[in-house]
Amino acid sequence: MADAPISFLPLGAVIQSFKVNGIDIVQGFPSQEIYVSHNVPHFGETIGRVANRIKGAKIDNVNGKSYTLVANNGPNNLHGGVNGWGKKIWDGPTPVGIRSIPGIDGLEGGESVKFALTSEDGDEGFPGAVKTTVVYTCGIQKVDGKEVTVLGMEYEAELVDGADETVINMTNHSYFNLTGKPTIEGTEVTLCTNKYLPVDDGGIPTGGPAPYSGIEANKTFTLGPEEPDVDDCFVANEDPKSVPMDTRRLPLTTYVSAFHPDSRIHLEVSATEPAFQFYTGKYVNVPAVAGIPARGKRSAFCCEPSRYVNACNVPEWKDMMVLKKGEKYGCRIVYRAWSD
C-alpha cells in the first residue's frame, strides 16, 4: 500500500497515518522505534486482550476461578496491561487480496492486509493462549461527487490452548485531529447516543446506562478549549444479553461524526460493537520528537468501539466478553473521511 493514504506498522498493528486532502488526521510517529519510546497514549494501537479497564486488575470468575492481572492504571488493568497487544510485534502486514467491507456500498479498491498475533497462556495474567488477527481493508467510495477514503478493520480471535475460557475485547485506539493544528478546538461532533456508563473515580462503571449531562443524541456540539471534557463509555446497544461474541454479522452503526470548518474535513467512525469510548484527550502529553511538535492536552480525540467496560466482572454483561474454546470473537470497525 505504498501509494495509499493509509499506513500501518507491525508494532501493535498500528494505524500510523490516515491522510485526507494532505492532512494526516491520526496521531502517530515517523518510525516504529519512536512508538516504542514515546507512545504512552497508545496512538493507533490495536488494543487487547481487553480494551479499557478491568476492576482491581482481577478477573473474578472464568474457568471457575479468579485471575490476577497486571495493574497499570492505579489498581486496575488498562488496555491489556503494561505489554498489551498494542505493545507487541505482530506478524504482517501480509497482503490478502481485494476485499469488500460489509455495510459499505460501492467500495472501489479494497486492497487488504492482515496482521496476526499469538498471545500465550498467562500473557499479562490472562488465561489461555489466543490467536488473533486484524485485517485492514482500504478503498474509496464516491458519494455525491466526493471521494470518501474508507478504512475497514475486521478483528477475529480464538482461544486455542491452556484454558476453556478467557476474556477479550479488542479495539483500535486512533486519536483524531482534523486540522493538524495543536488542539481539537472548533471540531463539531455528533454522537449517536447520550447513554453512557457512569463510573467511579477509577473509571469503573457503577451501573447501567444513564443519560450523559450536556450531550444529546444526534445533536451536534462543538469542542472548546477545555469543555466538554469527556472520557466515557457510551452505549449504543442497551441490551447486553443480545450482544453476540462475534458481532461481525450485525449492521454497522455510526457512533461518532466529526467535522472541522477550517479544514472542511469530515470523519465518521462506525462499528458493529455495542459501545464506544469517547475521549477528548485530556491526558495526552507527548514531547516533541523527530521533528514533530509536542502533542498535549486535547491535541486529538478518540472513538474506541468496544464491549462494555469491565463486562467480564459484571454478571449481567459478562457473556459479551467471555470467549470459550471453540467459539470465535469478532467485530468490525470502519473509518470514513473526506473533505468538502
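Tutor: Start with the term. On a 1 Å grid over the protein atoms alone, a pocket is an open set of points where a 1.4 Å probe fits, with protein on both sides within 12 Å along at least five of seven lines; lining residues have an atom within 4 Å of a point. A volume is the space filled by probe spheres set on the points, which are joined across faces, edges and corners. This is a predicted model: local features need pLDDT of at least 70, side-chain atom pairs count only at pLDDT 80 or more, and totals for chains, interfaces and linings use all residues. Residues are numbered from 1 along each chain as its sequence is written, and side-chain values use heavy atoms, with hydrogens and water left out.

Now the pocket. It holds about 450 Å³ of space. Its lining has 24 residues, and Val 40, His 42, Asn 73, Leu 78 and His 79 lie nearest the centre. By class, eight are nonpolar, 11 polar and five charged. (Ala, Val, Leu, Ile, Met, Phe, Trp, Tyr, Cys and Pro count as nonpolar, Asp, Glu, Lys and Arg as charged, and the others, Gly among them, as polar.)

Leu 78 leads us to strand S8, which spans 77-78. (A strand is a DSSP run of E, at least two residues, numbered from the N terminus.) Asn 76 sits in the loop between S7 and S8. Is Asn 76 buried or exposed? Asn 76 counts as buried because its relative accessibility is 3%. (Buried means under 20% relative accessible area, exposed over 50% and partly exposed in between, with a 1.4 Å probe and protein chains only.) Its contacts, leaving out residues up to four places away in sequence, include Arg 53, Ile 54, Val 70, Gly 202 and Ile 204. (Contact means heavy atoms within 4.5 Å.) Ile 204 is 128 residues away along the chain from Asn 76, yet their C-alpha atoms are separated by 8.7 Å.

Step back along the chain. S6 (residues 58-62) runs antiparallel to S7 (residues 65-68), and three bridges join them. (Two strands pair if DSSP finds at least two bridges between them.) Val 62 has Lys 65 as its bridge partner. The two strands form a hairpin with two residues between them, and Asn 63 in the turn has a positive phi of about 55°.

Arg 53 lies nearest its centre together with Val 199, Gly 203, Asp 231 and Tyr 283. That pocket holds about 350 Å³ and has 17 lining residues. Six are nonpolar, five polar and six charged. Strand S20 (residues 231-235) gives the largest share of the lining, three residues.

Ile 25 touches Ile 265, Leu 267 and Ala 337, among others.

Key
Helix = DSSP H or I, 4+ residues; strand = E, 2+ residues; numbered from the N terminus.
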